Amino acid sequence: MVHLLVLADGIHPARATDPTETDPVDTSATVLEQEQQASRLELQSVADEAALAAKALSALESDIAALRADQRELDSRIAEAAARRAELDQKIAAGEQSMTGLSERQNSVRLSLISRRSVLAEILAALQRIGRDPPPALLVTPEDALSSVRSAILLGAVVPEIRAETEALAADLKELATLRQAIAAERLALAAALEKNAEEEQRLASLASEKAALQEESSRRLERERQRAEALSVRSSELESVIATLADEIVALNQAAEAAREAEQERQRQLAERLERARAFAAVAVPDKNRIMPAYAFSKLTGTLFPPTTGETLRYFGADDGTGHTLAGEVLATEKGATVSAPADGWIAYAGPFRSYGQVVIIDTGENHHVVLAGMEKIKVSAGRFVVAGEPLATMGQTRFAGSAALSLASERPTLYIEIRKDGQPVDPRSWWKDDMSSRKASNDT
């Protein structure tokens, strides 16, 4: 039976399986958590940008305040320059007026001298004559004496007045010259002051223009930063709303997942209860021919299965097989032409002849369990088919096959070899058989 057991290990059924699927609720919750994390990261980035925007706004407001202070200072200095220019203009006007008065006075003095030119000429002529021909000091003629008296009288009357006017005129002329020099110097100083004041006004005007341009540009930047800050604030509010919504959805999904898990646990509990009830009912249940999957786990069916056919057990698991080896299954003597049925639900992993062992059927009952049946004459199933417990598989022949002749059996009746394997290793089949052997009903249907 060694080759037969290798065959049982090497053949697997072509059956449909249910792949493990991911819970869509858990998947949705994971996706929402990822979206929430991404939104939190974006919110942090927006908060950082908003902080930078706030700093930029504060710096711009400080710059604009400084520019406004500078502008006010420039305006004050421009006003001071204008006041100085007005004062210089007044000084120039006063100097011009003073020059006008001095010129008028000079003209009046000149006219006064012109009007007395004849008198002065006679006086000057008399003075010249006296100087050329002075009168005698002791002896004079009456005519000379009279002339001298007349000249003396004339000089005595005119010279003091001339002297006073001359002194006054000299003082006026000296004052006039001094005033002219002062006015000329004042004019130069005023001209220089005006020129410097004009340069200062031009510089202040240029600075004021630059400050105004900087203030305007700063105002535009401030407006842009405010709009950016408002946009960031709106985006931050949107992200906070999205995060809150996602948090609510995650909570709802987690609650739904918890409810689903509780429902699944309840379903499993109810299924276990139905399984227990089904196992209790399995001995008298009618087979369901429409199943495509085993109704129950094979490992749970110990003590509930019927042998594939009725007969007398000739050899048990572990007994001597007559060749010096221990038996990996059990041998059942049957009636001629007896029907062999499936002891449990499963897929036909192999169906066909095998060497001298006759027809062989291997059933995959799930959970890495296989049932091997050998020694039959005709089979009614094919590989890949699903069969239910109690479904006919084959019929026995008239005598034993040669593959079983090596066993030291006294009977020549047909023999069915039965073997149950778990994970490729043979196990004792007796733990699966039901004690009551009088009934041939399927033992694991509902």
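1. Phe298 is buried, as is Trp432, where buried means under 20% relative accessible area, exposed means over 50%, and partly exposed covers what lies in between, with a 1.4 Å probe and protein chains only. Please bear in mind that the model is predicted, so that local features need pLDDT of at least 70 and side-chain atom pairs count only at pLDDT 80 or more, while totals for chains, interfaces and linings use all residues. Residues are numbered from 1 along each chain as its sequence is written, and side-chain values use heavy atoms, with hydrogens and water left out.

2. A pair of aromatic rings is described by the distance of the centres and the angle of the planes. Rings of Phe, Tyr and Trp (its six-membered ring) pair if their centres lie within 6.5 Å, and planes under 30 degrees apart count as stacked, over 60 as edge-to-face and the rest as tilted. By this rule there are three aromatic pairs. One of them is the stacked pair of Phe298 and Trp432, with 5.2 Å from centre to centre and 20 degrees between the planes. Phe298 lies in the loop between helix H4 (142–281) and strand E1 (312–315), and Trp432 in the segment after strand E11 (425–427), so the pair ties together parts that are 134 residues apart in sequence.

3. The rings of Phe354 and Tyr357 are also stacked, because their centres are 6.1 Å apart and their planes stand at 20 degrees. Both Phe354 and Tyr357 are buried.

4. The protein has four helices and 11 strands, which are DSSP runs numbered from the N terminus (helices are H or I with at least four residues, strands are E with at least two). Of its 446 residues, 31% are buried.

5. The largest nonpolar core has 25 residues, of which Leu373, Met376 and Leu393 touch the most other members; such a core is a set of buried Ala, Val, Leu, Ile, Met, Phe, Trp, Tyr and Cys residues joined through side-chain atoms within 4.5 Å. Two or more residues come from each of strands E5 (359–366), E6 (369–376), E9 (392–395) and E10 (415–422). Another core, of 11 residues, lies apart from it and includes Ala349, Phe354, Val360 and Tyr417.

6. Eight of its eight residues are buried, so E6 is largely enclosed by the rest of the structure. Seven bridges join E6 to E5 in an antiparallel arrangement, and six bridges join E6 to E10, also antiparallel, given that two strands pair if DSSP finds at least two bridges between them. Val372 stands opposite Glu419 in E10.
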